Amino acid sequence: MRTTVQDEPGSLAALCGALAGQRVDILSLQTHPLAEGTVDEFLLRGPAALPASAITTAVASAGGADTWIERADAHDLVDAPTRVLGLAARTALDAAELPLALRQLLGRCTIRSRPAPAGGGRETGGLTVEGALDDTVMRLRAPEGGVITVERPYLPFTPTEFARARALVELDARLGPRLPHGRDVLTLAEGSDITVRRADTRDLEAARAMHERCSARTLKLRYHGPVGDADRYLGHLLSPRYGRTLAVQTASGRLVGLGHLLWDGDETEVALLVEDAWQRRGVGAELLSRLVALGVEAGCSSVYAVTQASNTGMVAAMRGLGLPLDYQVEEGTLVITARLGEAVVTSAEELGSASAP
């Protein structure tokens, strides 16, 4: 529960008395000072039959205003300093964690990144180094240029939350590009070895070379537009700011497949590209299974793929997940959404053995 009170002696005591009168226990409390007044944030435990409206009425009688209540979950039981330190540690290990860390820090919100313009400029629309806070919207200068916008229409941000978010972004900027070093070596059923690892913009040249080896049909099925425009998407797709990318390499080190998990506001998209010579070997299914597992780890409730009905390989890979699927067709485009409420079935057993050096 959050409520705004006057910053004066006795205001907190009045709130505590009103909650006690409803047999509500206070498990934790944070204060967010404002220019006028204070936002008090409580984690409460009350009788199961007590409606939220009764708590709001009691709080209002004690001087609370703009009261907001929602049911807590297990994450709310972790005290704020511990949670922030944990998010900082995740961000330090992986640049792709920043949007997820911000979302976990600030609750249900929409995060959008606007890249810097081409040519190396830093377009921030007059944004100061500290960023800007405007009620339910905060704007932060992205470490690589551009702007990160965070929106939470149902609950205004406090200056304390703004300072915490800004500190996470500053940490990300100071650490620079980074990825987890883990990689898996898999043996396909046919006997070929492949390596699956995380990728970022440092793989841009290898990804362009793979594009050159792909047929026009493969590129068209993947990008749904002019084949000549495919290369210009790669910088965005490989940036950890917009999601996570997995790369598949052969034993000789050649890049033959890319899988992307892309943050799209409140939704998450999955996309695959496998070089023609490596299609129909289970590489796409392996990539998709791992991307969905990353989505589960990130707390996504669903993922969607945009493709065409003629792309039988992508359709089969989505069906192979063993998850509930929704299909939507719009003007020849097929959107398949997988709900992640069930365990993800990996395809490693079908492909062969795996090791993680």
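How many bridges join strand β1 (residues 2–5) and strand β3 (residues 38–45), and in which sense do the strands pair? Four bridges join them, in the antiparallel sense. The model is predicted: local features need pLDDT of at least 70, side-chain atom pairs count only at pLDDT 80 or more, and totals for chains, interfaces and linings use all residues. Residues are numbered from 1 along each chain as its sequence is written, and side-chain values use heavy atoms, leaving out hydrogens and water.

**View 1. Strand β1 beside strand β3.** V5 has T38 of β3 as its bridge partner. Strands pair if DSSP finds at least two bridges between them. Strands (E, at least two residues) and helices (H or I, at least four) are DSSP runs, numbered from the N terminus.

**View 2. The hairpin of β2 and β3.** Strand β2 (residues 25–33) pairs with β3 over eight bridges, in the antiparallel sense. Q30 is bridged to E41 in β3. Four residues lie between the two strands. In the turn, G37 has a positive phi of about 90 degrees.

**View 3. Helix α3 packs with helix α5.** Helix α3 spans residues 80–93 and helix α5 residues 159–175. Their angle is about 25 degrees, and their axes are 10 Å apart. Therefore α3 is roughly parallel to α5 (angles under 35 degrees count as such). Axes are lines fitted to C-alpha atoms over the stretch in contact, and angles run from 0 to 180 degrees between N-to-C directions.

**View 4. Residues where α3 meets α5.** A80, V84, L87, A88, T91 and A92 in α3 meet R164, L168, L171, D172 and L175 in α5 (contact means heavy atoms within 4.5 Å).

Notes:
Angles under 35 degrees count as roughly parallel, over 145 as roughly antiparallel, 65 to 115 as roughly perpendicular and the rest as oblique.
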